[in-house]
Amino acid sequence: MAIFIKYPFLAAIIGLLLLGLGRRRIVVVVGVIWLLYAAYETSMQQRWLCSGECNIRVDLLLIYPLLLVASGAAGASVLRARRARKPKS
């Protein structure tokens, strides 16, 4: 997940993809969370939120697990909705 530190636009792409899939509320919320993370990471990269030494990122110990759990929940929601729409044979 460290690739998002160097390329925060990738996190924005994930957020936009989730918003595009957003028929369910949790998917939309997780998409917004990814977009907020992309904005936060861009601000850190541009040194708007961090002045000077930003190499020790303790904040990511909270952010990365939140993103992973939320993304897993959104993925499960999409799969559950897809299975529910399939006609039984």
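Helices are taken as DSSP runs of H or I with at least four residues, strands as runs of E with at least two, and both are numbered from the N terminus. The model is predicted, so local features need pLDDT of at least 70 and side-chain atom pairs count only at pLDDT 80 or more, while totals for chains, interfaces and linings use all residues. Residues are numbered from 1 along each chain as its sequence is written, and side-chain values use heavy atoms, with hydrogens and water left out.

Burial is defined by relative accessible area: under 20% is buried, over 50% is exposed, and values in between are partly exposed (1.4 Å probe, protein chains only). In α2, the residues P8, A11, G15 and L18 are buried. Viewed down the axis of α2, these buried residues fall within an arc of 75°, so they line one face of the helix; the arc is that of the directions from the helix axis to the C-beta atoms. L16, L17 and G20 are exposed on the other side of α2. The cover over the buried residues of α2 includes α1 and α3, with cover judged by contact, meaning heavy atoms within 4.5 Å.

Helix α4 has 26 residues and reaches 37 Å from its first C-alpha to its last, close to the 38 Å expected at 1.5 Å a residue. Its buried residues are L60, I63, Y64, L67, A70, A74, S77 and A81. For α4, what covers the buried residues includes α1 and α3.

A nonpolar core is a set of buried Ala, Val, Leu, Ile, Met, Phe, Trp, Tyr and Cys residues joined through side-chain atoms within 4.5 Å. The largest such core has 14 residues, and those with the most contacts inside it are A11, V30, W34, Y37, I63, Y64 and L67. The largest share, six residues, is that of α4. Leaving aside neighbours within four places in sequence, V30 is in contact with L18, A70, S71 and A74.

Aromatic pairs were assigned where rings of Phe, Tyr and Trp (its six-membered ring) have centres within 6.5 Å; planes under 30 degrees apart count as stacked, over 60 as edge-to-face and the rest as tilted. By this rule there are five aromatic pairs. The ring centres of F4 and W34 are 5.2 Å apart and the planes stand at 65°, so this pair is edge-to-face. It links distant parts of the chain, since F4 lies in helix α1 (residues 3-6) and W34 in helix α3, 30 residues apart. F4 and W34 are both buried. The rings of Y7 and F9 are likewise paired, with centres 6.0 Å apart and planes at 75°, so the pair is edge-to-face. Y7 is partly exposed, at 34% relative accessibility. Ring pairs also link F4, W34, Y37 and Y64 into a cluster.

The loop between α3 and α4 contains R57. At 14% relative accessibility, R57 counts as buried. A polar contact is a pair of N or O atoms within 3.5 Å; within protein, one must be able to donate a hydrogen and the other to accept it, and residues adjacent in sequence count only if both atoms are side-chain atoms. The side chain of R57 makes such a contact of 2.8 Å with the side chain of E41 and another of 3.1 Å with the side chain of D59. Beyond its neighbours within four places in sequence, R57 is in contact with I5, Y40, E41 and M44.

R47 is placed in the loop between α3 (25-45) and α4 (60-85). Most residues other than glycine have a negative phi. R47 is not a glycine, yet has a positive phi of about 65°. This residue, R47, is partly exposed at 44% relative accessibility. Apart from neighbours within four places in sequence, R47 is in contact with G52 and C54. The C-alpha atoms of R47 and I33, 14 residues apart along the chain, are separated by 21 Å. In helix α3, S43 is buried with a relative accessible area of 14%. With neighbours within four places in sequence left aside, S43 is in contact with W48 and L49.

Terms used:
The expected span of a helix is 1.5 Å times one less than its number of residues.
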